[in-house]
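This report covers side-chain pairs, helix packing, backbone angles and model confidence. Please keep the structure open while reading.

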Amino acid sequence: MACDVLWTERAQQDVDDIIGYIAVKLASPHAAREHLIAFEDAVDRISNNPKLYAISRQLSCVVRGLRACFVRRYVLLYSYNDKDTVFVYRVFSTLQDYGSIVERGDNRHGSAL
């Protein structure tokens with residue numbers, strides 16, 4: 001049985017920003033669609049097996065119990081509460097220092113964990 005998946009507002013905005021950047025700034029709607037499908041597939045895997053991915057090695061993520069699912073050049077951070085709910089916290093480029101961003105609590109558009 002698949003878990004419920006809840007997204008923070010900030011995580012939803014992260015994906016919207018990524019897809020918008022690829023589609024508009026890079027002028028590649030096809031690549032944007034492919035990335036969106038990759039994110040959707042990853043979330044499907046997570047909802048069916050929430051312990052599939054390890055807790056991130058970033059200390060700020062470890063203390064929050066955030067698991068890291070790598071999707072192309074992005075990392076989707078999520079947690080699982082053992083009550084059949086997965087919480088998607090944020091989505092970052094792997095080029096970003098996402099551990100520091102999580103540490104600062106830079107989650108202006110959504111709730112913090």
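## Contacts of Tyr53

Leaving out residues up to four places away in sequence, Tyr53 touches Arg45, Ile46, Arg67, Ala68, Cys69 and Tyr78. The model is predicted. Tyr53 sits in the loop between helix 2 and helix 3 (59-62). Its relative accessible area is 18%. Tyr53 counts as buried because that value falls under the 20% cut-off. Tyr53 and Phe87 are 34 residues apart along the chain, and their C-alpha atoms are separated by 14 Å.

Ala38 belongs to helix 2. Ala38 is also buried, with a relative accessible area of 15%. Apart from neighbours within four places in sequence, Ala38 is in contact with Val71 and Arg72. Between the C-alpha atoms of Ala38 and Arg10 the separation is 19 Å, and the two residues are 28 apart along the chain.

## Salt bridges

How many salt bridges does a search of the whole structure find? The search finds three. They are set out below.

| Pair | Closest N to O (Å) |
|---|---|
| Arg10 and Asp14 | 3.2 Å |
| Arg10 and Asp17 | 4.0 Å |

Take Arg10 and Asp14. Both lie in helix 1 (residues 9-25). They are separated by about one helical turn, because they are four residues apart in that helix. Both Arg10 and Asp14 are buried.

Next, the pair of Arg10 and Asp17. Arg10 has a relative accessible area of 14%, so it is buried. Asp17 has a relative accessible area of 38%, so it is partly exposed.

Through shared partners, the salt bridges join Arg10, Asp14, Asp17 and Arg90 into one network.

## Helix 1 against helix 2

Which way do helix 1 and helix 2 run, roughly parallel or roughly antiparallel to each other? Their packing angle is about 155 degrees, and their axes are 7 Å apart. The two helices are therefore roughly antiparallel, because angles over 145 degrees fall in that class. On the helix 1 side, the contact is made by Val15, Ile18, Ile19, Ile22 and Ala23. Helix 2 contributes Pro29, Ala31, Ala32, His35, Leu36 and Phe39.

## Aromatic pairs

Two aromatic pairs come out of a search of the whole structure. One of them is Phe92 with Tyr98, a stacked pair. Its ring centres are 5.9 Å apart, with 20 degrees between the planes. Phe92 and Tyr98 are both buried.

Most residues other than glycine have a negative phi. Two residues with a positive value are described here.

Ala27 has a phi near 55 degrees, a positive value in a residue other than glycine. Ala27 is found in the loop between helix 1 and helix 2 (29-48). With a relative accessible area of 60%, Ala27 is exposed.

Arg72 is not a glycine either, yet its phi is positive, at about 55 degrees. Arg72 lies in the loop between strand 2 and strand 3 (74-80). Arg72 is partly exposed, with a relative accessible area of 49%. As noted above, Arg72 is also a contact of Ala38.

## Confidence

Where is confidence lowest and where is it highest in the protein chain? It is lowest in helix 4 (residues 98-104), at a mean of 93, and highest in strand 2 (residues 67-71), at 98. Over residues 108-113 the pLDDT is below 50. Beyond near neighbours in sequence, this stretch has eleven contacts in the model. The protein chain averages a pLDDT of 92. Of its residues, 93% score at least 70.

Definitions and conventions. Residues numbered from 1 in each chain as written. Predicted model: local features only at pLDDT ≥ 70, side-chain atom pairs only at ≥ 80, totals over all residues. Heavy atoms only, no water. Salt bridge = Lys/Arg side-chain N within 4 Å of Asp/Glu carboxyl O. Buried < 20%, exposed > 50% of the residue type's maximum accessible area, 1.4 Å probe, protein only. Phe/Tyr/Trp six-rings, centres within 6.5 Å; stacked < 30°, edge-to-face > 60°. pLDDT = per-residue confidence, 0-100. Contact = heavy atoms within 4.5 Å. Axes fitted to C-alpha atoms, helices over the stretch in contact; angles between N-to-C directions. Parallel < 35°, antiparallel > 145°, perpendicular 65-115°, else oblique.
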